[in-house]
Amino acid sequence: EAKTILVVDDEPVMRNAIKRIFVFFFYRVLIAKDAMELSKIIEDTKLDLILLDIQLPWVDGYELCALLKSHPLLKNLPVAFVSGNKTEEDIRKGFDAGCDEYITKPFEVEAIQKMVSQLLLKSS
């Protein structure tokens, strides 16, 4: 059965680009533009991985990641940041929030694909 990835990014172009990459590799890909859509999807979908942007409206990616990781049923769900925030401080904050991986935009297709397969292998 195909693994399910949720892409959370408020930029339609980025959401769709990431979706196309993983659909090509036969993953089931869902998309959300913010925390509201993310919470609706989480309620009734079993996810295998979340790719999360940091710059989101209302609740940023750091807060979302920390919330996910503090939830008893979701704490083992891999979360990777895909962000334009590139400083060491940004990346450290990502790991402090509980992310499993952090990749900066723009990224190489091969790099993000490799990161996702490693996270899915580790968590299965």
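Predicted model: local features only at pLDDT ≥ 70, side-chain atom pairs only at ≥ 80, totals over all residues.
Local features need pLDDT of at least 70 and side-chain atom pairs count only at pLDDT 80 or more, whereas totals for chains, interfaces and linings use all residues. Residues are numbered from 1 along each chain as its sequence is written, and side-chain values use heavy atoms, with hydrogens and water left out.

**View 1. The chain and its order of helices and strands.** The chain holds 5 helices and 5 strands, which follow the pattern β-α-β-α-β-α-β-α-β-α along the sequence; helices (H or I, at least four residues) and strands (E, at least two) are DSSP runs, numbered from the N terminus. Of the 124 residues, 46% are buried, a term that means under 20% relative accessible area (1.4 Å probe, protein chains only).

**View 2. The ring pair of F22 and Y27.** The whole structure contains 4 aromatic pairs, where rings of Phe, Tyr and Trp (its six-membered ring) pair if their centres lie within 6.5 Å, and planes under 30 degrees apart count as stacked, over 60 as edge-to-face and the rest as tilted. The ring centres of F22 and Y27 are 5.6 Å apart and their planes stand at 70 degrees, so the pair is edge-to-face. Both F22 and Y27 are buried.

**View 3. The ring pair of Y62 and F81.** The rings of Y62 and F81 are edge-to-face, because their centres are 5.7 Å apart and their planes lie at 65 degrees. Since Y62 lies in helix 3 (residues 61-70) and F81 in strand 4 (residues 79-83), the pair ties together parts that are 19 residues apart in sequence. Both Y62 and F81 are buried, and ring pairs link Y62, F81 and Y102 into a cluster.

Notes: Buried < 20%, exposed > 50% of the residue type's maximum accessible area, 1.4 Å probe, protein only.
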